[in-house]
Amino acid sequence: METLFCISTALAAGLFMTRPAKKLGLPAVTAYLVAGILIGPYCLGRLGIEGLGFVSAESVQALGLFSDVALGFIAFAIGNEFRLSQLKKIGGKATFIGILQAVITAAVVDAALLVLHIFLGEKLPVPMALTLGAIAAATAPAATLMVVRQYKAKGKLTDLLLPIVAIDDAVGLVVFSVSFGVARAMVNGEFSIISIAVEPIIEIVCSLALGALMGVLFTFCEKFFNSNSKRLCLSLTFVLFTVAISKLEFEIGGVHIGFSALLVCMMLGTMFCNMCDFSAEIMDKTDKWTVPLFALFFVISGAELELNVFSDPAIIGIGAAYILSRSAGKYIGAFSSCKMAKCDEKTTRYLGVTLLPQAGVALGMSVTVMELGDIGSIIRNIILFSVLVYELLGPVLTKIALTK
């Protein structure tokens with residue numbers, strides 16, 4: 001019963017917060033995040049009334065299943081942007097920009113934090129700088145997708161943006177795996193080529209293969225149903241099933257094998273939209289069904305943000321350096337790669353701004369770095385601080401960039 005109260009309270013808070021947000025010209029995503037903060041453990045939750053708000057971090061984490069499912073549907077929707085007809089026009093350009101801007105961002109953040117290391121010493125050790133640089137490459141597909149949908153954005157920039165965001169996460173995964181492997185080796189004094197080079201490649205290949213397999217199976221099963229309602233039900237079933245399978249982890253010969261739920265579900269959507277003749281209609285109906293799910297996802301994300309990170313001046317200082325250097329890296333990376341790819345002037349100027357939001361993928365990486373002990377805890381707090389800033393300002397900046 002308390003869980004149902006929390007869900008209904010979260011949805012109600014998100015909906016009512018969109019009213020003042022609309023008058024202020026803010027995206028709905030920002031309204032949902034602010035609503036989550038207000039009913040979270042640091043605001044309304046402090047009253048200790050179960051169901052009225054989230055009274056603790058554990059009560060927020062108890063709804064983690066909804067976040068996993070929402071990210072699955074977000075990736076599924078992004079996969080729909082990889083239609084062959086569209087990829088023939090922008091595929092090579094999107095891939096080039098997606099890879100180059102992510103690598104440049106990581107390099108800029110690494111350089112900035114390593115320079116800061118010279119002045120701060122052990123307050124900002126080298127492993128921490130390398131890990132933060134790798135996490136900086138990731139962009140939040142959820143916030144970007146929601147802003148694009150809310151304002152029905154169309155144009156050259158939008159056509160490039162969603163494929164780039166998807167590619168960005170794949171590149172970010174590789175960069176993070178390599179950098180984190182090096183950081184872990186420096187902390188533990190153990191160097192493993194398998195964890196640094198082999199496992200991330202295996203994860204990406206296995207994720208894409210699993211997504212392709214599920215996409216073929218999905219398309220095959222759709223042929224047995226003619227009504228739109230049953231096809232929609234089957235679509236939801238396959239996305240949920242795919243999210244569940246992507247949680248599997250196992251080891252073969254000492255090599256850890258896991259899957260990226262984002263990549264798996266993205267590939268599921270890509271295969272389905274290219275193999276099924278009526279995929280556009282099904283995708284449209286799925287999008288309408290997921291609106292309340294996405295709203296709940298962002299309210300939960302807002303409630304998860306830990307406001308106590310502001311109590312540590314060191315976290316604020318390093319976090320500010322991370323935010324500024326990542327923002328510069330994203331803009332410089334997108335601007336320079338767009339110039340090389342000969343994009344139009346407006347896309348070149350504004351693409352970098354739309355890549356600023358950061359949340360789910362980065363938070364997932366910050367959980368992984370907890371293996372580094374005390375350094376990992378500091379990194380997680382820095383990422384929590386930056387996510388709070390990026391998730392509140394990122395959607396607003398994305399809206400401005402898309403409008404211009």
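1. Let's start with Leu-120, which lies in helix H5 (residues 84–120). Helices here are DSSP runs of H or I with at least four residues, strands are runs of E with at least two, and both are numbered from the N terminus. This is a predicted model, where local features need pLDDT of at least 70 and side-chain atom pairs count only at pLDDT 80 or more, while totals for chains, interfaces and linings use all residues. Residues are numbered from 1 along each chain as its sequence is written, and side-chain values use heavy atoms, leaving out hydrogens and water.

2. How open is Leu-120? Its relative accessibility is 34%, so Leu-120 counts as partly exposed. On this scale, buried means under 20% relative accessible area, exposed means over 50%, and partly exposed is in between (1.4 Å probe, protein chains only).

3. Leu-120 also belongs to a nonpolar surface patch of about 440 Å², together with Val-115, Ile-118 and Phe-119. Patch members have over 30% relative accessible area and no salt bridge; nonpolar side chains (Val, Leu, Ile, Met, Phe, Trp, Tyr) are joined within 5 Å, and like charges within 9 Å. The areas come from the Shrake-Rupley method with a 1.4 Å probe, and for residues only the protein chains shown count as cover.

4. Now look at helix H6 (residues 126–135): nine of its 10 residues are buried, so the helix is largely enclosed by the rest of the structure. Among the buried ones are Pro-127, Met-128 and Ile-135.

5. Thr-18 sits in helix H1 (residues 2–23) and is buried, at 13% relative accessible area. Which residues does Thr-18 touch, not counting those up to four places away in sequence? They are Ala-28, Ala-31 and Tyr-32, where contact means heavy atoms within 4.5 Å.

6. The count of salt bridges comes to two, each being a side-chain nitrogen of Lys or Arg within 4 Å of a carboxyl oxygen of Asp or Glu. In one, Lys-247 pairs with Asp-68, with the closest N and O atoms 3.5 Å apart. Lys-247 is in the loop between helix H10 (228–245) and strand S1 (250–252), and Asp-68 is in helix H4 (residues 64–79), so the pair ties together parts 179 residues apart in sequence.

7. Arg-349 and Glu-345 also form a salt bridge, at 2.4 Å from N to O. Both lie in helix H14 (residues 345–354), four residues apart, about one turn of the helix. Arg-349 is partly exposed at 35% relative accessibility, whereas Glu-345 is exposed at 57%.
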